[in-house]
Amino acid sequence: MAGFRARSESARGGEGKSNRASNRAKGYQQRRPEHKQRKSRARGSGDKVRDVVFSVLRAVTADEAFGNLVLPKALREAGIKGRDAAFATELTYGTLRARGLLDAIIEDAAGRKIEKIDSVALDALRLGAYQILRTRVEDHAAVNTSVELVKAHGAGQASGFVNGVLRGLTRKKPQTWIERVAPGDGLADMALRNSHPEWIAEVFAEALGVDAASDPGRAELERALVADDTRPIVHLAARPGQISGEELALITGGTEGKYSPYAVYLDEGAPGEIAPVREGMASVQDEGSQLIGLATTRVPVADGLPARWLDLCAGPGGKTAFIASVAMSEQATVDAVEIAEHRAALIEQTVRDLPVNVHVGDGRSLEAIRSLEAPKGGFARVLIDAPCSGLGALRRRPEARWTKDPDDIAPLVTLQRELLVAGLEATAPGGVVIYSTCSPHPKETSGVVRSVAARTGAEILDVTEFLPELAETNTARTAPFVQLWPHIHGTDAMFFAALRPAN
C-alpha cells in the first residue's frame with residue numbers, strides 16, 4: 001500500500017500531476033478553477049443531505065475545488081441548517097480528511113487499483129466507506145444511499161460494483177480493515193492509520209524534535225497525528241477594545257479560551273448567526289492566529305517611532321482586523337498589503353471602521369506600490385504572515401493533506417525569505433517584525449528566520465517572553481520561537497518569531 005502513503009495523485013481519480021509548487025508561489029497562493037455546479041438527474045438520490053455532500057466531493061475531485069469553501073455555499077443554496085448541516089459537514093470533511101486511508105481500504109476490498117475505478121463511483125465508495133468505518137450511520141443506509149448517488153450521477157453501470165464493495169466492508173470490523181492496510185509500527189503505517197501521507201508525518205516528527213523510531217517519540221507523533229485528524233471546534237475572537245472574551249463567552253454560551261484573553265470556544269452552532277460576529281465585534285479566528293496578533297502588538301518598540309504598523313501579507317484580513325483593533329486604542333494606523341485584488345477586497349470588508357489602509361501590490365517591493373506612502377524611518381510594527389504550505393491547518397482544509405506535495409516547499413521558502421527581508425527593510429530601527437506561518441515545516445519556520453537573520457544581521461528576540469499565557473505548555477522547548485500544535489494547544493500548528501532589524 002505504499003502508493004497511499006506518499007502519493008496524492010490517485011486520490012484524484014488518477015489525474016495527472018499539476019505543477020502545484022510554482023502555482024502556489026506565484027501570486028502567494030494556489031489558484032484553482034472556480035467550481036461549476038455539475039448537473040445530476042433532477043430527482044437526485046432521494047437524500048438531500050447526501051446529495052449536497054456528494055456534490056462537494058465531486059467538486060473537490062473533478063474541479064480541484066476547496067471543500068471548506070464549496071460546502072458552506074452548497075448548504076445555503078440547499079437550505080440545509082441545524083443538525084442536518086452538522087451531519088453534512090461531518091460527512092464531507094470526514095470523507096475528505098480520511099481519503100488516503102479510505103482509498104487503501106477500498107482498493108483492498110475491491111481487489112482493484114484505485115486508478116481503475118470510475119471517478120464518480122470512487123467518490124461514492126469513499127462516502128459510503130467513511131460512514132461504515134468512522135460513523136454510527138447504519139450500514140444499510142450507508143450502502144443504499146451510496147448506490148443511489150452513483151445512479152443519480154450518471155454512473156449507474158457501476159452501482160452493482162459499489163454495492164458489492166460496500167457490503168463487503170460491512171462484513172468486517174472497521175479496525176480489522178485498518179489493520180489490513182496498515183498493520184505495522186513504522187512511520188508509514190502510523191501515518192496511514194491516522195489519515196496522513198508519510199511525508200507529512202515525517203515533517204511533523206522533525207518539527208516536534210522526536211525520534212519516531214523510539215517509543216516516546218512514536219507516542220508523541222501519534223498524538224499529533226490523531227489531533228490533526230480530528231475535526232476542530234470553532235474558535236471566536238473578540239475584537240480588542242470592542243468586546244471582551246468574557247462578554248463574548250456569555251453572549252454565545254461558549255467557553256473562554258485557554259491562552260488568548262479574546263478567544264472563545266464553540267462546540268457547535270453557526271458562528272455567522274451570532275450577533276457580535278454579524279456586527280463586526282467578533283470573528284471566527286483560530287486562537288493561534290490571535291496569539292500571533294498579540295505578539296505583534298506586545299513586543300516593545302523604541303520610543304518616538306511613527307504610529308504606523310504594516311501587515312505585509314494581509315489577505316483575507318483576519319489578523320489585520322485583530323491588530324488594527326489594538327492600533328485604534330493606541331492611535332496608530334495599519335497599512336495592509338495584499339497582492340491579489342479579490343483578497344484585498346475581502347480585507348476592505350473585514351476591517352470596516354478600523355484604522356486600516358488597504359493596498360494592492362507585492363510586499364517584496366513596497367516602493368512599487370503607488371498608494372503606499374511609507375513613514376520616514378520605517379514602520380514601528382510589521383507582521384509577515386507569510387504564504388506557506390498550510391501543513392499546520394490541515395484540520396480545517398480537509399482534502400489538503402492529499403493534494404500537497406513535498407516539491408511545494410522550496411519555491412515557498414524562497415518567497416518567504418524575500419518577504420522577511422523586505423519586512424525588515426521596511427521596519428524602523430527599534431521596531432519589531434513578527435514572522436508567522438501556518439506550517440510547522442522547519443524549512444518554512446526556523447530555517448527561514450535563522451537564514452535571514454544571519455544574512456541581514458537582524459536580532460532574533462525570544463517571543464515566548466511576551467506570551468506568558470503559554471508558559472504552562474513548556475515554550476522553552478521551542479524558544480526563542482513559538483510552535484503551536486493541535487495536540488498540545490488545541491490550535492492549528494502555527495509558528496511565529498520576533499525579529500529586531502539591524503541598526
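Author: A cavity is a set of points, on a 1 Å grid over the protein atoms alone, where a 1.4 Å probe fits but cannot get out; lining residues have an atom within 4 Å of a point. This is a predicted model, where local features need pLDDT of at least 70, side-chain atom pairs count only at pLDDT 80 or more, and totals for chains, interfaces and linings use all residues. Residues are numbered from 1 along each chain as its sequence is written, and side-chain values use heavy atoms, without hydrogens and water.

Reader: Which residues line the second largest cavity?

Author: Its lining is Leu101, Leu102, Ile105, Leu133, Arg134, Pro174 and Ile178. Of these, 6 are nonpolar, none polar and 1 charged. Helix 6 (99-110), helix 7 (119-134) and helix 10 (174-181) supply at least two residues each, and helix 6 gives the most, with 3. Helices here are DSSP runs of H or I, at least four residues.

Reader: At what angle do helix 3 and helix 5 pack?

Author: Helix 3 (residues 48-63) and helix 5 (residues 82-97) pack at about 30°, their axes 9 Å apart. The two are therefore roughly parallel (angles under 35 degrees).

Reader: Which residues of helix 3 and helix 5 meet?

Author: From helix 3 come Val49, Arg50, Val53, Val56, Leu57 and Val60; they meet Asp84, Phe87, Ala88, Leu91, Thr92, Thr95 and Leu96 of helix 5, with heavy atoms within 4.5 Å. This contact between helix 3 and helix 5 has 9 nonpolar, 2 polar and 2 charged residues.

Notes: Axes fitted to C-alpha atoms, helices over the stretch in contact; angles between N-to-C directions. Parallel < 35°, antiparallel > 145°, perpendicular 65-115°, else oblique. Nonpolar A, V, L, I, M, F, W, Y, C, P; charged D, E, K, R; others polar. 1 Å grid on protein atoms, 1.4 Å probe; cavity = no way out; pocket = protein on both sides within 12 Å on 5 of 7 lines; lining within 4 Å.
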